[in-house]
Amino acid sequence: MAIPEKEVRLVRKNFENSTDKVHDRIRIGNRFVDDFIFDDIQAADIPINALRVIFNIISQISNEQFRPEDRPKQLSLFDDEFETDNNIFAAMKIRNSKISPSGSSKQVIEAYEFLAQFKMGWYRSVNTKGKEIRTFGGLISTPSYDQRGYTSFLISSYWLKKLLVIPEYNYVLYNLVYNIRNNKHIIFAIWLSKLPETGTALKLETLNNKFGLHYKSANDFCFKFLKPAKASLDQFNTLSFRYHYRGDTIDIQPVLLSERPDNNALQQKQNNTRVKRLRYFKNRYRLTERQMNQLSYQYIHFIQTRELIEKAFKRFIRDNRLQKIRSTEYTGINFLNKLQEYLILIYRETKMGELLPNGYPIIV
């Protein structure tokens with residue numbers, strides 16, 4: 001498919017990171033995970049160094065990531081910048097030592113070659129004005145060494161949008177790609193972060209297909225893949241899992257671990273913020289210690305549930321204002337019951353809610 005010369009590789013933005021600062025956690029949008037890593041349900045066999053490129057891209061753009069419902073104007077700004085013409089790109093550069101800490105040029109080259117060729121093709125999207133935008137390439141294009149010690153490249157607007165615009169996302173530790181050497185364990189950790197707290201039960205054949213494995217029995221899958229993956233996540237992640245099998249069905253349940261020793265300051269700050277938020281709920285809506293038990297447990301220990309609670313509370317406040325009702329007219333158990341109603345409503349609007357409509361968290 002030919003396109004006019006003027007439309008080839010128009011670079012609209014340059015993501016700079018002069019300090020090489022990284023974030024302890026990165027936010028990976030579920031759309032990117034589904035379309036890039038788990039296309040057609042099966043996980044791509046993305047090499048470890050290519051995963052490092054992806055993690056560093058997300059870390060570098062993290063300050064500009066947004067959820068449309070929180071910042072609706074930002075989506076229009078993105079469209080105005082990137083979705084007005086065909087083949088619009090953003091430019092970026094990453095220090096080579098972040099891709100290959102051992103200093104192997106061969107590893108760096110192979111990582112960028114993989115991402116340039118993987119899923120290379122024509123992609124179509126429609127902007128807010130209804131115009132179809134076409135982009136050709138993979139996640140990245142034209143990697144080059146224009147500065148010593150760095151690799152520069154372009155990111156297509158199609159994939160950039162899936163990385164920046166994240167209606168639903170999950171946190172993953174940035175250092176996973178440096179602490180864990182098995183690429184399938186990292187991809188498993190990304191998949192695990194999307195599971196509901198109640199977990200999932202899947203057939204051996206489904207799990208083999210999902211992760212590109214060929215185990216002949218559930219016992220082999222558990223002890224040759226899940227057991228070492230769990231050992232890696234127990235040591236290096238904040239989210240691990242439990243597992244067991246019955247026949248050829250394997251149950252996997254996420255388990256939130258205690259804070260990592262190298263993350264104490266961040267964790268303490270986050271814990272203080274959560275405690276203050278819970279204290280706000282308790283004081284403003286006159287909740288007893290007993291009434292707070294379930295709410296506190298769900299809010300503190302489960303990231304996805306905490307986000308659902310905040311969305312439910314925001315919707316609760318909005319509806320009260322529309323009806324000119326003070327939210328504090330609901331107190332104690334009445335407040336919790338009302339918040340639970342909104343929590344169920346918000347949960348059923350999610351993809352997981354469509355699949356498991358009664359899998360919502362309980363806070364009462």
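Which residues are buried in α13? In this predicted model, they are G332, F335, L336, L339, Q340, Y342, L343, I344, I346 and Y347. Helix α13 covers residues 332-347, 16 residues in total. Its length can be checked against its residue count. At 1.5 Å a residue, the helix should span 22 Å, and its end C-alpha atoms are 22 Å apart, so the two values agree.

L295 lies in helix α11, residues 289-301. The relative accessible area of L295 is 0%, under the 20% limit, so L295 counts as buried. What is L295 in contact with, leaving aside its neighbours within four places in sequence? The partners are L278, F281, L287, I309, L336 and I363.

Now turn to a helix pair. Two packed helices are described by the angle between their axes and the distance between the axes. Helix α3 (residues 72-82) packs with helix α5 (residues 157-164) at an angle of about 165°. Their axes are 11 Å apart. An angle over 145 degrees counts as roughly antiparallel, so α3 is roughly antiparallel to α5. The crossing of α3 past α5 is right-handed. Which residues meet there? From α3 come L75, F78, D79 and F82. From α5 come S157, L160, K161 and L164. The contact residues divide into five nonpolar, one polar and two charged.

The backbone deserves a look too. Most residues other than glycine have a negative phi, and most peptide bonds are trans. T142 is not a glycine, yet its phi is positive, about 45°. T142 sits in strand β6, residues 140-144. Is T142 buried, exposed or partly exposed? Its relative accessibility is 33%, so T142 counts as partly exposed.

K324 also has a positive phi, near 55°, in a residue other than glycine. Where is K324 found? K324 is in the loop between α12 (303-322) and α13. Its relative accessibility is 79%, over the 50% limit, so K324 counts as exposed. The loop that holds K324 brings the reader back to α13, the helix whose end C-alpha atoms are 22 Å apart.

Note on methods: Residues numbered from 1 in each chain as written. Predicted model: local features only at pLDDT ≥ 70, side-chain atom pairs only at ≥ 80, totals over all residues. Heavy atoms only, no water. Helix = DSSP H or I, 4+ residues; strand = E, 2+ residues; numbered from the N terminus. Expected span 1.5 Å × (residues − 1). Buried < 20%, exposed > 50% of the residue type's maximum accessible area, 1.4 Å probe, protein only. Axes fitted to C-alpha atoms, helices over the stretch in contact; angles between N-to-C directions. Parallel < 35°, antiparallel > 145°, perpendicular 65-115°, else oblique. Left-handed = near helix turned anticlockwise from the far one by under 90°. Contact = heavy atoms within 4.5 Å. Nonpolar A, V, L, I, M, F, W, Y, C, P; charged D, E, K, R; others polar.
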